[in-house]
Amino acid sequence: MPVAAERVAAFQELLGGRADLAFIPLSTDLHYLFGIARDIPKYGVTLHPGDWLEGAWVAPGHPPVLALPRMTAEFGGRGAPEGTELRVLGDWDDPAALVRELVAKFKLPAKPRIAVSDRAHADSVVHIQQLLPDAVFCSATAIIRELRLIKSDEEIALMREAGRRTEAAFAAMLPKLRFGMTELDVVAEIDYQMKRQDSLGPTFTTTLYNSGPNHPLMLGRRLDSWKRKIESPVSVLFDFGASHGGLCYDYGRTVHFGEPSAEQIKVHALVIQAQRAGIAALKLGEATCEQVDAIARQVIEEAGYGPNFRHRLGHGIGWDVHEPPFLTKGDTTVLRDGMMFTVEPSILQPTSFSARTEDVVVARPGGGERLTAGFQDLIVVSS
């Protein structure tokens, strides 16, 4: 795992002077640093004995230790990469005793600084604090994000493949669309097609934002909206993405059921125009994140639909679906080569026709490099 070893070493170097020990649980942070894959999130919690210590324990100047409960080690199929010691906690062993042993191994000061991943569970922090009552805590994720901000050529290639699989799933789903399908029918089909593309699964809950004169937009009411049948005329807005190699894709397109009206054609064309303007503005040294947002937003505002573009233009993306920085007002981050964003303008109209489009785009010297580019025209389902 040469990449993992390089990332761990870089993290340990950044950690020095900021913290004496870092705890990185099974998470995006661990996957990025050590190459230890995370699962698709579960709805309910599955507890293993002693799982509060589950993760990597990293200190500057020492080989890291991966501590796992037996059930995670055996059933999760996880092992330690080269250069990392694996310690497995038996079902009846004392997790606190193992952590005390690790703390002694790392020779921490009396008042240690402990960096913890943002997505660590509260019980992990509580147990660590009980063992080290004078510890001061800080965010390990904030340190790791300094490494994750600029994507390598390898990461961009993985994301490009994630995009290919995402768009291939969309292409395979389109011929199956029919009047009278429920929204859940469509969601289930797109999720199935992503797995047919050898993706572990969706990177977030596949979502449709559908609207029309007889089909009001229902945001945040998934269990209600999934039951609705899609009947003409209605615009169906897709938001989904496939996972691949640890990277998370995010993709959007608009499909219209029935003969599109002049209004639907207009709002879709405006969204495509706004996205193109935003992608072109992703030039290094010529814009900040908030300026890119303003450039794309101006297209929609000048057409009179400003209030219907209700969210930021996009967000950083990579090992997580949403990462900083963000293409939004107030984010003055200057663009750098290899930053990766979604560019996803929309026009959302609660009782009329809506439109959205979304692609992952890499900031480049001459403007953004989009990683998916198919289905730019309004897609129409006629029966």
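In what order do the strands of the six-stranded open sheet stand? They follow the order β4-β3-β2-β1-β5-β6, with mixed pairing.

The model is predicted: local features need pLDDT of at least 70, side-chain atom pairs count only at pLDDT 80 or more, and totals for chains, interfaces and linings use all residues. Residues are numbered from 1 along each chain as its sequence is written, and side-chain values use heavy atoms, with hydrogens and water left out.

**View 1. The six-stranded sheet and its edges.**
The edge strands of this open, mixed sheet are β4 (85–89) and β6 (136–139), each of which pairs on one side only. Neighbouring strands are turned by 25° against each other on average, direction ignored. Within the sheet, β2 (residues 55–58) and β3 (residues 65–69) run antiparallel and are joined by three bridges. In this pair, W57 stands opposite V65 of β3. Strands (E, at least two residues) and helices (H or I, at least four) are DSSP runs numbered from the N terminus, and two strands count as paired if DSSP finds at least two bridges between them.

Helix α4 (residues 95–106) lies across β1 (21–25), β2, β3 and β4, and runs at about 155° to β4. Helix α5 (residues 122–131) also packs on the sheet, where it touches β1, β2, β5 (113–116) and β6; its direction makes about 150° with that of β6. Contact means heavy atoms within 4.5 Å. Angles run from 0 to 180 degrees between N-to-C directions, with axes fitted as lines to C-alpha atoms, for helices over the stretch in contact.

**View 2. The four-stranded sheet.**
The strands of this open sheet stand in the order β7-β8-β11-β19, and the pairing is mixed. At the edges are β7 (207–211) and β19 (379–381), each with a single partner strand, so one side of each is left without a neighbour in the sheet. From one strand to the next the twist averages 25°. Helix α7 (residues 153–173) packs on this sheet, touching β8, β11 (251–257) and β19, and its direction makes about 15° with that of β11. Helix α8 (residues 183–196) lies across β7 and β8 and runs at about 145° to β7.

**View 3. Strand β8 between β7 and β11.**
β8 (residues 234–240) runs antiparallel to β7, to which five bridges join it. Seven bridges join β8 to β11, again in an antiparallel arrangement. The bridge partner of L208 is F238, and that of Y209 is L237. L237 also stands opposite T254 in β11. In a regular strand the side chains alternate between the two faces of the sheet. In β8 both faces are covered, with V234, V236, F238 and F240 buried on one side and S235, L237 and D239 buried on the other. Buried means under 20% relative accessible area, exposed over 50%, and partly exposed in between (1.4 Å probe, protein chains only).

**View 4. Surroundings of N210.**
N210 lies in strand β7 and is buried, at a relative accessible area of 2%. Its side chain makes a polar contact with the side chain of E183 at 3.1 Å and reaches the backbone nitrogen of L237 at 3.5 Å. A polar contact is a pair of N or O atoms within 3.5 Å; within protein, one must be able to donate a hydrogen and the other to accept it, and residues adjacent in sequence count only if both atoms are side-chain atoms. Not counting residues up to four places away in sequence, N210 touches E183, H215, P216, L217, R228, I230, V234, S235, V236 and L237.

**View 5. Nonpolar cores.**
The largest nonpolar core has 53 residues, and those with the most contacts inside it are F11, M159, F170, L177, F238 and V255. Helix α7 gives the most to this core, with six residues. Leaving aside neighbours within four places in sequence, L177 is in contact with V186, V255, F257, V381 and S383. Another core lies apart, with 25 residues, among them I279, V299, V343 and A355. A nonpolar core is a set of buried Ala, Val, Leu, Ile, Met, Phe, Trp, Tyr and Cys residues joined through side-chain atoms within 4.5 Å.

**View 6. Cysteines.**
The structure holds zero disulfides, a disulfide being a pair of cysteine sulfur atoms within 2.5 Å. C248 counts as buried at 7% relative accessibility. The sulfur of C248 is 19 Å from the closest cysteine sulfur, in C289, too far for a bond. C138 is partly exposed, with a relative accessible area of 31%.
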